[in-house]
Amino acid sequence: MPDREPAPRGPIRTCVGCRRRRSPDELVRIVAAATTLVIGRNAAGRGAWLCRDDPGCFALAVRRRAFPRALRRPVADAEVEVLGRLLFAPAEQDVRDYGAACAADAGARHQTMKG
Ligand SMILES: [Zn+2]
């Protein structure tokens, strides 16, 4: 049997930031919950995908207002901010921003996200 063109294996998703098509393993899935954006492969609802390894994609997605479009609902700036922290809040950075973040998050429950 001759070799066929290598077909992409498994599902392919498009990053809403850079529009690259990649395997879901290389992306994170953002889902619109009632009043927040959450990160979860298996969370219920419409998802938007972002490159896991590129903070620039998040910035791009914000600039293009890709989240409201992909998630099919209005997305408040505050939600985007919180999401940005969930995605890319490295331990080194949180000291300075921690107070402000807590103030901004008042009301929102602090969640620990793994993976
Ligand atoms: Zn991307």
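**Overall layout**

The model is predicted. The protein chain holds 4 helices and 5 strands. Along the sequence, their pattern reads β-β-β-β-β-α-α-α-α. The chain has 115 residues, and 19% of them count as buried. Contacts also reach along the sequence. Among those between residues at least 6 apart, 52% join residues at least 24 apart.

**The sheet**

An open sheet is built from 3 strands, in the order E4-E3-E5, with antiparallel pairing. E4 and E5 stand at the edges with a single partner strand each, so one side of each has no neighbour in the sheet. From one strand to the next, the twist averages 30°. E3 and E4 run antiparallel and are joined by 3 bridges. Across this pair, Val-31 stands opposite Val-38 in E4. Helix H3 packs on the sheet, where it touches E3 and E4. The direction of H3 makes about 15° with that of E4.

The elements discussed here span these residues:

| Element | Kind | Residues |
|---|---|---|
| E3 | strand | 27-32 |
| E4 | strand | 37-39 |
| E5 | strand | 47-51 |
| H1 | helix | 55-63 |
| H2 | helix | 66-71 |
| H3 | helix | 77-88 |

**Helix H1**

Which residues of H1 are buried? They are Cys-57, Phe-58 and Ala-61. Seen down the axis of H1, these buried residues fall within an arc of 100°, so they line one face of the helix. An α-helix has 3.6 residues a turn, so residues three or four places apart point the same way. Gly-56 and Arg-63, on the other side of H1, are exposed.

What do the buried residues of H1 pack against? Their partners are strand E5, helix H2 and helix H3. After H1 comes Arg-65, with a positive phi near 55°.

**The nonpolar core**

The largest nonpolar core has 19 residues. Those touching the most other members are Cys-15, Val-16, Ile-30, Ala-48, Leu-50, Ala-61 and Phe-67. At least two residues of this core come from each of E3, E5, H1, H2 and H3. Ala-61 belongs to this list and is also one of the buried residues of H1.

Cys-15 has its own set of contacts. Leaving aside residues up to four places away in sequence, Cys-15 touches Arg-20, Arg-22, Leu-27, Trp-49, Leu-50, Cys-51 and Cys-57. One of these, Cys-57, is buried in H1.

How values were computed: Residues are numbered from 1 along each chain as its sequence is written. This is a predicted model: local features need pLDDT of at least 70, side-chain atom pairs count only at pLDDT 80 or more; totals for chains, interfaces and linings use all residues. A residue is buried if 20 or more other C-beta atoms lie within 10 Å of its own, exposed if 12 or fewer, and partly exposed in between; C-beta atoms are placed from the backbone. The arc is that of the directions from the helix axis to the C-beta atoms. Two residues are in contact if their C-beta atoms, placed from the backbone, lie within 7 Å. Two strands pair if DSSP finds at least two bridges between them. Axes are lines fitted to C-alpha atoms, for helices over the stretch in contact, and angles run from 0 to 180 degrees between N-to-C directions. A nonpolar core is a set of buried Ala, Val, Leu, Ile, Met, Phe, Trp, Tyr and Cys residues joined through C-beta atoms within 7 Å.
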